[in-house]
Amino acid sequence: MAEIQLNSLAHSYSRHPAGSEDYAIRRMSHTWHKGGAYALLGPSGCGKSTMLNIISGLLEPSEGDVLFDNVKVNELSPKDRNIAQVFQFPVVYDSMTVYDNLAFPLKNADMPKAKIKAKVEEIAAILELEAVLHKKAKGLTADEKQKVSMGRGLVRDDVSAILFDEPLTVIDPQLKWRLRRKLKQIHEQFNITMVYVTHDQLEASTFADKIAVMYDGQIVQFGTPRELFESPNHTFVGFFIGSPGMNLIEVEPTEGGVRFDGIDVPLSEHLMEAIRADQSGNIKLGIRPEFVHLTGHAADDTYPCEVRDIEDLGTYKIVTLQLGGQTLKARVDEDQEVTSESVHVGFPRQWLKLYVDEFLVDERGAKEQAE
Ligand code: ADP
Ligand code: MG
């Protein structure tokens, strides 16, 4: 098991990259600590597989270094890096039995026969493959084949890390849920560094202790599911995590705050200093639907707005509001009455976030940077 460090990493598939748009990974540094259960979360095409393949050694980065426990491994082959990688689609030897498929990585590592048997049986039990253990892989269903593929990644507990690249894509939804639980269980049991790639936030937060959110070739935030929810470091994290995502409003600076559609929102002096220092024209306010305050009564810090739609989702409601030219979403409890066509909306100071050039400015006025 190893700590995996990516130093000033960048990758372009083009031989002569013209600009940043030619890079699948834009220059970034990141550390995956030893023994963690991590998710790498982002939309299709943001560079997740590229990053995984650079870690495993299938791909050589155009710039920067990959270090395992502080030792540079750029020149090492995937085999010498001692990494197990599980891909989106099954990689199995059709002519071998399930048993031999699972035993293969252990035989290669010269493990004694009795130990191999014990380990194969242990993993087969966890993945519920006992019934097909002595069948040829060829006759298996797609689900079973992918379980064998995962098993081949999981049998060795001496690896530096196990990398999963959207491994449950071909698995049916119910089994998906069970396998995710099992992966978590295996992680708890063996404590191996695991990086699990997905574009599904639910999958990421059920598996991982910490999630790296990737956007446009860079990790824009690395945090617990709660941190990503409560304090998105980048507007993309706000928008991508949560359902619905964060409300984001383009605003202009004024003397003591910001303004949109003639509506003034006061901000602290620290935040105003940050806006003035940055001189960017790209300023946004962000607030999650869960934190938008809806009330029937006007107060000093509320704004009158129109109710456009109420969607009843059982234990909660999603209310669509019109405030000036903006459409906002609010998530309220099922028992909160929202009947009138006009209500007052408030933005609790603690949950109202300021973004300059898409990055969060914290209360001290400092612009956050991804790790
Ligand atoms: P993800 O796994 O997040 O969907 P990828 O790492 O596969 O993203 O791709 C990142 C970007 O690099 C995309 O724009 C994709 O089109 C491009 N890309 C991926 N693989 C190759 C390749 N072999 N050759 C050229 N471009 C590639
Ligand atoms: Mg991919």
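## Surroundings of Gln 322

In this predicted model, Gln 322 touches Cys 305, Glu 306, Arg 308 and Thr 327, leaving aside residues up to four places away in sequence; contact here means heavy atoms within 4.5 Å. Gln 322 belongs to strand β18, which covers residues 316-323, and a polar atom of its side chain lies 3.1 Å from the backbone oxygen of Gly 324.

Residues are numbered from 1 along each chain as its sequence is written, and chains are lettered from A and ligands numbered from 1 in the order in which they are written. Because the model is predicted, local features need pLDDT of at least 70 and side-chain atom pairs count only at pLDDT 80 or more, while totals for chains, interfaces and linings use all residues, and side-chain values use heavy atoms, with hydrogens and water left out.

## The chain as a whole

The chain holds ten helices and 22 strands, where helices (H or I, at least four residues) and strands (E, at least two) are DSSP runs numbered from the N terminus. Its C-alpha trace spans about 75 × 50 × 30 Å along the principal axes.

Of the 371 residues, 51% count as buried, that is, under 20% relative accessible area with a 1.4 Å probe, protein chains only. Among contacts between residues at least 6 apart in sequence, 67% join residues at least 24 apart.

The chain is divided into domain 1 (4-230) and domain 2 (236-361), with bounds that come from an automatic or database domain assignment. The C-alpha centres of domain 1 and domain 2 lie 38 Å apart, and their contact takes 13 residues from domain 1 and eleven residues from domain 2.

The area buried between the domains is about 1100 Å², of which carbon and sulfur atoms give 75%; buried area is the accessible area (1.4 Å probe) that two parts lose on being put together, summed over both. In domain 1, Gln 201, Phe 229 and Glu 230 lose the most area to domain 2, together 50% of what that side buries.

## Makeup of the domain 1 side

Between domain 1 and domain 2 there are four residue pairs in polar contact, both residues at pLDDT 80 or more. On the side of domain 1 that touches domain 2, the elements giving two or more residues are β9 (210-215), β10 (218-223) and α8 (225-230).

Methods
Polar contact = N/O pair within 3.5 Å; in protein donor to acceptor, adjacent residues only side chain to side chain. Buried < 20%, exposed > 50% of the residue type's maximum accessible area, 1.4 Å probe, protein only.
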